[in-house]
Structure formats: structure tokens, C-alpha cells
Amino acid sequence: MTEFLYEKEMNEIFQKLSNNLPNFWDGKKCIEYMKENNCKNWRQMEWIGFYFQFMCEKILSQNNFMQIPGTKYGNVEFDGFKTIPWDFKAHSTNKNKSDNGKIPTNGCEESFQAIKDFGTIGFIIISGKSDYDDDNQTFKQWHDSFKGGTSNYEKERIKRNAPSRKRKINFTPEELIFVFVDKDNAQSCGKFQANFRNADGSARNPKLMLDLKNNTLLKIKKFNFNNNL
């Protein structure tokens, strides 16, 4: 199976990440760390995914272990490259909310081209539990203040009278999941934003959707963080 072709890479990646990532991610500390270290995405509300990407880039680029960033197709750039293109994703299974196991990734066209070029693309997904902000939105208020005020995106949301999503305030890693997509299972993946259009009316390129719970054709290997503590 495909995943066993990359057994050495998976073990090395897991050891590097599990030895260097915190066992508990406090949202405030992670956002402060990203800002202090010039990560351009420290303002984003979905900080967990951006923090993981930033840390992967920092850890896996050491000693040229992995090429960061990876192969680029049009406007889509894979996060890293080592034998095959890799992308880094985070997935909160959450403590009080349902988890459908679906993870949107890169554009379908670009993903299929990478598979054509390299045979396989890989996703490194950190999965774990998160707590949410309180009813007073204390974490959101802190983040808004830390950013220097309310963002234009937030102002537009308020104008629309749309509800504000509760922010995740922390993250506890539980598993590192490797998912391999190749010509045998690519067509079985779902599509995200398949019928969406851009502001100018043009069709939006749908993204490849990984379904970790219901797609039996996906090639998956899981590593448990608790076993490495």
C-alpha cells in the first residue's frame, strides 16, 4: 500500500513534530508567538491551523529535511516537499461539538496535477481536542484588542447582523494522521465549494475534501501523541 512506501518519512516526521510541538496549545500564547516570529497569519481566527503550519515549516525545514514551501501549481502552493508534495492541516475533534471528520484541502485541479506528476500527494494532519470561548467572548475580545481593533471582516459581519462564531481557545494534540491521495482514490474524495462562484461571477475551483470517517479508500496511518510522552 502507498503509505508503507513512505514509512521512513512518516516516522521521521512524527518524531520531529512530537518532540518539538507543545503538549498543550494555549491560544493566546500561540498567537503571541506567531506575531513575535513574523508569521503573517497571527491575526486569523482559525489560529490552530496556521500555528501548526508555521511550526511545521520551522521544524521540518531544519537541516533541509523537507523543502519549504513545496511545489506550486498556479496560485496553489503545497506546504512542503519531500519525495512527494505535502500539506499541513489541523483538525479539532472538539469536546462539545459533533465532528464530521471532513477536512477541506487544496484545489482539485492542482491536486490532480500533482498526483499526475508525483503519483501521490500527502497530508499531515494534527488532530486533537479544543475548548471554546465563553459566552462573553473573552478570548475574541482579547484577540481583537491584540490585533489593534475590530477587523473589516468583523465589521461587515456586524453590518449583516450575522452571528459570531465562538473561537477555539486551546488545543491538545492527540494524533498525527498521514493521509495519502493517489490515482486510485482521488476520485472518491469529496469536493468543497464545488458550486461556489467568485465575486465576479466566475466558477470557483472546488477544493479536495478529505473524509476521514467515511472514505474507506483513503490510505491513512495514525500516530498517537500520548504514546510518545
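Colleague: At what angle do helix α2 and helix α4 pack?
Modeller: In this predicted model, helix α2 covers residues 7-20 and helix α4 covers residues 47-60, and their axes lie 10 Å apart. The two helices pack at an angle of about 115°.

Colleague: Which word describes the direction of α2 relative to α4: parallel, antiparallel, oblique or perpendicular?
Modeller: Angles of 65 to 115 degrees count as roughly perpendicular, and the angle here is about 115°. Therefore α2 is, relative to α4, roughly perpendicular.

Colleague: Is the crossing of α2 and α4 left-handed or right-handed?
Modeller: On the α2 side, Ile13, Lys16, Leu17 and Asn20 meet residues of α4, including Phe52 and Met55. By class, this contact has seven nonpolar, one polar and one charged residues. As α2 passes α4, the crossing is right-handed.

Colleague: Which strands are the edge strands of the open sheet?
Modeller: The sheet has three strands in the order β6-β10-β9, with antiparallel pairing, and its twist averages 40° from one strand to the next. An edge strand pairs on one side only, and the strands that do so are β6 (102-107) and β9 (190-192).

Colleague: Which residue in β10 is the bridge partner of Gly190?
Modeller: Strand β10 takes in residues 207-211, and β9 pairs with β10 in the antiparallel sense over three bridges. In β10, the bridge partner of Gly190 is Met209.

Colleague: Which helix lies across β6, β9 and β10?
Modeller: The helix in question spans residues 108-118 and runs at about 75° to β6.

Terms used
Residues numbered from 1 in each chain as written. Predicted model: local features only at pLDDT ≥ 70, side-chain atom pairs only at ≥ 80, totals over all residues. Heavy atoms only, no water. Axes fitted to C-alpha atoms, helices over the stretch in contact; angles between N-to-C directions. Helix = DSSP H or I, 4+ residues; strand = E, 2+ residues; numbered from the N terminus. Parallel < 35°, antiparallel > 145°, perpendicular 65-115°, else oblique. Left-handed = near helix turned anticlockwise from the far one by under 90°. Contact = heavy atoms within 4.5 Å. Nonpolar A, V, L, I, M, F, W, Y, C, P; charged D, E, K, R; others polar. Pairing = 2+ DSSP bridges.
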